[in-house]
Amino acid sequence: MLYDAYELGRGWAAGATAWARVSSGWWSSFLNPLAYHHGAPVAAAALDVFAHALKPRGKPAFGLHRTIVDGQVVEVREAILDRRPFGQLKHFERVGIEGHDPVILLVAPMSGHYATLLRGTVERLLPSHEVFITDWRDAKMVPLSEGTFSLNDYIDYLIDWIRLLAARGERAHVVAVCQPSVPALAAVALMSAGRDPARPYSLTMMGGPVDTREAPTEVNRVAKERPLAWFEQNVIHVVPFAYPGRGRRIYPGFLQLAGFMAMNLGNHLVSHWEMFKHLVEGDEESAEATKAFYEEYLSVCDMDAVFYLQTVDEVFQRHLLPKGEFIHRGERVDLGAITDVALLAIEGERDDISGVGQTKAALTLARNLPSHRKDYLLVPGAGHYGIFNGRKWREIVAPAIEDFVRLHGGRAPLRRPGPSVLPPVEIPPGAEFA
C-alpha cells in the first residue's frame, strides 16, 4: 500500500504546490498593498521554497539545443538510434558537423534517476565528441507484457548498442557513470573474451561499485548487513493501476531518493535554507543555482525489482564480479580477458556512495591488460555527484577523459570547448554530498 499512499500524497502536494506558487507571487506583487511590508519577502520566499520542494516531477528534458564547435554555435538535435522496452539509445547529433571526432557512449545509471542527471556531462563532451547516451525508461511505464529486466539484460543492451555504434563505422569509447561501471566492465570482458571486433577502444568508470569490499560506505554497509529477503519484503512494491506498468514489481525511485536524502539530511536542509535566504535578499541567480540542482535530483523513476534485487545480491552482497564468479547467460565473466581495451578509473575523494578504491579495483582485476592501457584519477575534494557534474567535472575530469580517449583510439585533434552556450549548473553550497 506504500505506493498508493505515495500517489495520494503526490496528489495533495500538487494542490498545495499550486497554492504556494500563487501565494508566493501575490506576496511579491506590486498590486498587493501588504507586499510593501518588511515581512512580505520572507513570506514569498518561504512559499517559493515550499512549492519547489514538493511539486510533482516527471522526466526532465535534456534541453541541449546548441553547442560550440571551433568557436561556432552549432545546433544539436536528439535522435533515437534504437528503442527497446526498458531503454533507448539516444544520439546528440551536431548538425552540420562532419569528421572523425571520437564516439562516446555515455552509460547512465539505472538507480532511481533519469539519464538527464547527466545533462552537464553531455554538454561538456559535445564540443569535441559524438555523444550517445543510454536513456533508461521508468519501469512503471513499461507494460507487464514486456517481461522483466535484469542485470543480465542490462549487459545485453550495452553489448548490442556498442555493436550498433561500431556498425555505423566507428568503435566507441564507453563512459560509465556510477552503478553501470559493473555491467559495462562485464560487457567489455565478454566482448574481449569473444574477440568481438566491435569491442570499444576504452572504458572509463566513474565512481562505480566494482568491488564494494574496498572502503565500504554507509550505502554498502546497509546492503551487506541485511539479507536479500529483507529488501524483497520491505522495499519492493507493485505499480498502481493508474500506470501502464500496473502490476509490475519495482523498487520505487522515491524510496531510493528518501534514503539518499536521509543520509545527508543536514546538507539538504542547509541548501534549502541558503535558497530561502537568497530569495529573501533578492539574489535570484544564487537561488536558481540551487533550484536547478534539485529540479534534477528530485526527479526520480522506478527500477524493475528483478534488476534491483540481482544488483543487491550479486554486486553488493556476494561481490561476484571481482571474485571471478559472475555468470552471464551461462558464461563466466573473466576480467582477465580484457587485454586491449584501455581502462580509466575515476573516483572522488569525498565520495560517500562509492568509496575510494572501489572503482580503482577494476585496474587490478584486469590482470592481463598492459599497464600503459590503465589510468587512474582521484579528484580532490569531489563527492559522488561532483565527478560528473559541476566545476570539477568541467575543469578536471572531462579534460582527463578527453586526453585518455585520444591516447587510446581517438583520431581527431582535441578541440577544447570555449564558454558554454548554456549556463553551467553548479552544485549549490552544502549540496556536495551525493
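I began with a charge over a ring: K140 lies over the face of Y243, 5.5 Å from the ring centre. My rule asks for NZ of Lys or CZ of Arg within 6 Å of the ring centre and within 35 degrees of the ring normal. R84 also qualifies, with its charged end over the ring of Y157 at 5.2 Å from the centre.

A note on my source: this is a predicted model, where local features need pLDDT of at least 70, side-chain atom pairs count only at pLDDT 80 or more, and totals for chains, interfaces and linings use all residues. Residues are numbered from 1 along each chain as its sequence is written, and side-chain values use heavy atoms, leaving out hydrogens and water.

Next I looked up ring pairs (Phe, Tyr or the six-membered ring of Trp, centres within 6.5 Å; planes under 30 degrees apart are stacked, over 60 edge-to-face, the rest tilted). I found 15 aromatic pairs by this rule. F149 and F307 make a tilted one, 6.0 Å centre to centre with 45 degrees between the planes. F149 lies in the loop between β5 and α4 (151-167) and F307 in helix α11 (residues 305-317), so this pair ties together parts 158 residues apart in sequence. I took helices (H or I, at least four residues) and strands (E, at least two) as DSSP runs, numbered from the N terminus.
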